[in-house]
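Trainee: I would like to go through the terms used for this model. Could you set each one against its definition?

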Amino acid sequence: MPKVSPSEIPPPAPYPRSAKLLIVDDEEDIRTQMKWALAQDYEVFLAGDRGSAREIQVREQPPVVTLDLGLPPRPAEVEEGFATLAEMLSLDPFLKAIIITGRGEREHALKAVGEGAYDFLYKPVQVDELRVVLKRAFYLSSLERENHLLQKQVGDEGFQGMLGASPQMQEVFSTVRKVATTEAPVLIVGESGTGKELVAQAIHRLSGRKKEPFVVINCGAIPETLLESELFGHEKGAFTGAHIQRRGRIEAARGGTLFLDEIGELSLGLQVKLLRYLQEQVIERIGGREQIRVDARVITATNRDLKQAMKTGVFREDLYFRLAVVTVSMPLLRDREGDLFLLAKAFLSRYAEESKRKITGFTNQAIRAIQSYSWPGNVRELENRVKRAVIMAEGSKINPGDLELGAQQNRDEYMSLKEAREAVEKEMILKALARNKDNVTRAAETLGVSRPTLYELMEKLGIERK
Ligand SMILES: Nc1ncnc2c1ncn2[C@@H]1O[C@H](COP(=O)(O)OP(=O)(O)OP(=O)(O)O)[C@@H](O)[C@H]1O
Ligand SMILES: [Mg+2]
């Protein structure tokens with residue numbers, strides 16, 4: 001018998017989910033008596049066997065149930081009672097089931113609790129005792145459900161492999177959810193390493209095209225002459241070296257999604273061809289005459305300012321409006337309120353686990369260094385630095401040196417934040433260039449930014465290319 005003194009009875013739940021109570025007992029007299037005793041406090045439902053109990057549970061979803069273990073067809077045994085308990089709990093894991101059992105059946109009562117029942121009472125049931133147990137059961141049930149809801153909300157800081165609890169990222173997630181199920185072309189804009197590709201993948205995975213291919217092509221990484229045949233394919237003999245017929249990436253994306261990364265790097269000639277595909281949904285392979293119909297959803301990304309590019313005539317306006325039916329803007333990492341540490345910790349535990357190193361966190365200095373750094377390479381840079389730090393760290397905590405963020409600290413007093421940022425950026429870029437013998441592509445890789453971004457930064461900071 002549970003010992004509950006009235007002083008331990010918790011206050012009523014602030015938001016009772018429902019005061020529905022289901023009573024399962026094969027004896028009609030008992031059912032009516034209990035109903036009569038409890039009808040003032042609860043909305044009572046009655047069931048005499050497993051079938052009707054299930055029916056009422058599904059329909060009314062009572063948070064609390066009392067259950068007599070001896071049910072038909074063999075009311076003298078307990079099997080049917082246990083089966084009913086198991087079934088009810090599988091329908092609602094938060095259900096509070098109070099077992100009503102005979103005096104001589106203590107082991108059954110305990111077994112039922114072991115199998116998930118909330119509590120038990122002996123027959124004949126004392127109504128005031130029952131009232132106390134019920135009140136607590138309803139209270140606990142509402143607490144647990146609320147808690148569960150809260151936990152789920154906390155879990156929502158992750159979305160399709162992207163972490164972000166900041167309002168800025170929650171907005172991105174919400175746009176992604178909305179546009180995914182449409183066919184609209186999406187343009188994703190944002191600086192290097194902000195997660196543009198992850199967003200493109202998320203849109204594809206949440207769309208009706210998820211079982212079809214997701215084809216990525218980086219327009220900035222392929223020379224123009226190759227890019228055309230890469231995109232549209234070519235017929236045999238279309239040009240020297242075209243020994244066989246080859247389908248392009250647009251065709252490969254048939255039925256699925258074509259992700260054109262760094263679209264801002266596309267030459268004007270290819271812009272015209274892409275526009276034609278978007279307007280008519282047909283392509284021609286190089287050297288071919290056949291009009292090939294291809295249905296693919298187009299998602300594009302860029303870290304260039306396309307509006308500026310339109311002004312200077314390097315990006316076609318008509319193409320822009322075709323591509324940017326929906327625009328998703330990726331916020332800079334430093335602008336995402338609260339995400340810096342969420343991400344830093346997530347990367348730390350990911351890479352510590354991967355490399356089987358017992359690294360438990362960041363030192364206070366490291367936390368300060370992370371906070372004051374500007375993160376020009378955004379999430380990718382953070383990920384790379386933490387990954388490297390996990391390997392480099394000698395202690396159990398990561399310090400600024402492990403993150404290669406040591407240099408800037410005492411300068412902050414003499415410079416504005418912007419100056420300090422730029423000084424650190426400049427220093428890092430110069431070092432990376434020196435280390436990589438002025439190879440910009442490799443320097444960009446070690447800095448965790450894309451090549452175009454590095455060029456932009458170099459220009460901004462007045463670093464000459466050798
Ligand atoms: N919100 C996020 N949560 C977890 N990881 C992220 C998040 N955003 C980006 N990343 C990680 O950061 C790295 C860069 O992401 P992604 O390639 O999508 O960026 P991008 O904007 O396409 O960069 P670039 O312009 O340099 O191509 C990837 O390793 C990705 O997994
Ligand atoms: Mg990318």
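Mentor: Start with K20. The side chain of K20 makes a polar contact with the side chain of E60, at 2.9 Å. Before we go on, two ground rules. This is a predicted model, where local features need pLDDT of at least 70, side-chain atom pairs count only at pLDDT 80 or more, and totals for chains, interfaces and linings use all residues. Residues are numbered from 1 along each chain as its sequence is written, ligands are numbered from 1 in the order in which they are written, and side-chain values use heavy atoms, without hydrogens and water.

Trainee: What makes the pair K20 and E60 a polar contact?

Mentor: A polar contact is a pair of N or O atoms within 3.5 Å; within protein, one must be able to donate a hydrogen and the other to accept it, and residues adjacent in sequence count only if both atoms are side-chain atoms. The K20 to E60 distance is 2.9 Å, so the pair qualifies.

Trainee: Why is K20 called buried?

Mentor: Buried means under 20% relative accessible area, exposed over 50%, partly exposed in between (1.4 Å probe, protein chains only). K20 has 19%, so K20 is buried.

Trainee: What is the phi of W375, and why is W375 called buried?

Mentor: The phi of W375 is positive, about 55 degrees, although W375 is not a glycine. Most residues other than glycine have a negative phi. The relative accessible area of W375 is 1%, therefore W375 is buried.

Trainee: Why is N378 called buried?

Mentor: N378 has a relative accessible area of 0%, so N378 is buried. Phi of N378 is also positive, near 55 degrees.

Trainee: Which peptide bonds are cis?

Mentor: One joins P72 and P73, with omega about 10 degrees. Another joins K123 and P124, with omega about -10 degrees. Most peptide bonds are trans.

Trainee: Which residues come nearest to ligand 1?

Mentor: L163, S192, G193, K196 and R380, of the 17 residues around ligand 1. A residue is near a molecule if one of its heavy atoms lies within 4 Å of it.

Trainee: How far is K196 from an oxygen atom of ligand 1?

Mentor: A polar side-chain atom of K196 lies 2.6 Å from that oxygen. A polar backbone atom of L163 is 2.8 Å from a nitrogen atom of ligand 1.
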